[in-house]
There are 2 protein chains.
Amino acid sequence: MITSLSIKQVEKISKALGDPYRLKIMKIVSNSESCVQCCDVSAEFNLAQSTMSHHIKQLIDADLLIADKDGRNLKFVVNKEVCTAYADYINSLVL
Amino acid sequence: MITSLSIKQVEKISKALGDPYRLKIMKIVSNSESCVQCCDVSAEFNLAQSTMSHHIKQLIDADLLIADKDGRNLKFVVNKEVCTAYADYINSLVL
DNA sequence: TTTAAATATCTAAATATTTCGATGTTTTTG
DNA sequence: CAAAAACATCGAAATATTTAGATATTTAAA
């Protein structure tokens, strides 16, 4: 199934990726075999818990991460479909 | 030649693309056959000239556009190499 | 050579984002 | 059931971005 993004979605995704912490979160989640949790990611940063929560929320809101509540944990994986669709959009700028 | 972007460059590019006007500028430049000038782009927007100048500067600074002074005009084209490298980075998040 | 056109730069206001601490909610554990 | 763990939300300060108007610069045209 091919996802096509609206311009608003492209903007939101770009904005979500325009931050060093959020880029690093994406890389951590991408590099991990299984699901990642907030507390796993938080351990890698020197940021307040509320700040981490905020960053992760932005990635989820932009559909870059797919999250799933598991008890008191929040587990997430990269949304491959959306990442691919975003890359496709960028590539479409190069004709 | 394959360009590989630093994480700082990826951040800067994402930030540059995280704005509706700048996304539209990229699309206009991408869709045009030949070089585009500031005044061509400006005509499509309802923004002050200084504001347009600022947006275009950000795209150039992020290396998304290649600019070339031509008399009193500034002509530019999409930087295909950087766009492709950016799309590759995004795709690398999907393993 | 004065004038106009295209763009850049500066300043400042308005708005948005980032960050933290405090506190709230939900779920697990003792 | 009380305490702790994981995360969310709120409020506020610090910082960054967006925008416009005024002005400067550079080049082309009259």
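Which residue in E3(A) does Asp70(A) stand opposite? Asp70(A) has Asn73(A) across from it in E3(A). One caution before we go on: this is a predicted model.

Let's stay with that hairpin. Strand E2 of chain A covers residues 65–70 and pairs with E3(A) over six bridges, in the antiparallel sense. Two residues lie between E2(A) and E3(A). Gly71(A) sits in that turn, and its phi is positive, about 65 degrees.

Now the other pairing in chain A. Strand E1 is residues 36–37, and strand E3 is residues 73–78. Two bridges join them, and the strands run antiparallel. Within that pairing, Val36(A) stands opposite Phe76(A).

On to chain B. Here we have an open sheet of three strands, in the order E1-E3-E2, with antiparallel pairing. Which strands stand at the edges? E1 (36–37) and E2 (65–70) of chain B do. Each has a single partner strand, so one side of each has no neighbour in the sheet.

Take the E1(B) side. E1(B) pairs with strand E3, residues 73–78 of chain B, over two bridges, antiparallel. Val36(B) stands opposite Phe76(B). Gln37(B) has Lys75(B) as its bridge partner.

Then the E2(B) side. E2(B) and E3(B) pair over six bridges, again in the antiparallel sense. Ala67(B) stands opposite Phe76(B). The hairpin of E2(B) and E3(B) has two residues between the strands, and Gly71(B) takes a positive phi near 65 degrees.

Next, helix against helix, across the two chains. How do H5(A) and H5(B) pack? Both helices span residues 80–92, and they pack at an angle of about 175 degrees. Their axes are 9 Å apart. Over 145 degrees counts as roughly antiparallel, and H5(A) and H5(B) are therefore roughly antiparallel to each other. Who makes the contact? From H5(A), it is Cys83(A), Thr84(A), Tyr86(A), Ala87(A), Ile90(A) and Asn91(A). From H5(B), it is Cys83(B), Thr84(B), Tyr86(B), Ala87(B), Ile90(B) and Asn91(B). By type, that contact has eight nonpolar residues, four polar and no charged.

Gln58(A) belongs to helix H4, residues 49–61. Is Gln58(A) buried, exposed or partly exposed? Its relative accessibility is 26%, so Gln58(A) counts as partly exposed. Leaving out residues up to four places away in sequence, Gln58(A) touches Ala16(A) and Arg22(A). Ala16(A) is 42 residues from Gln58(A) in sequence. In space, C-alpha to C-alpha, they are 6.1 Å apart.

Last, the annotation. An unreviewed UniProt entry places "domain: HTH arsR-type" at residues 2–95 of chain A. Over residues 2–95, chain A is 57% helix and 15% strand. The end C-alpha atoms of that stretch are 20 Å apart.

That's it from me. Over to you.

Notes
Residues numbered from 1 in each chain as written. Chains lettered and ligands numbered in written order. Predicted model: local features only at pLDDT ≥ 70, side-chain atom pairs only at ≥ 80, totals over all residues. Heavy atoms only, no water. Axes fitted to C-alpha atoms, helices over the stretch in contact; angles between N-to-C directions. Helix = DSSP H or I, 4+ residues; strand = E, 2+ residues; numbered from the N terminus. Parallel < 35°, antiparallel > 145°, perpendicular 65-115°, else oblique. Contact = heavy atoms within 4.5 Å. Nonpolar A, V, L, I, M, F, W, Y, C, P; charged D, E, K, R; others polar. UniProt positions renumbered as here; feature names shortened; annotations may be inferred. Pairing = 2+ DSSP bridges. Buried < 20%, exposed > 50% of the residue type's maximum accessible area, 1.4 Å probe, protein only.
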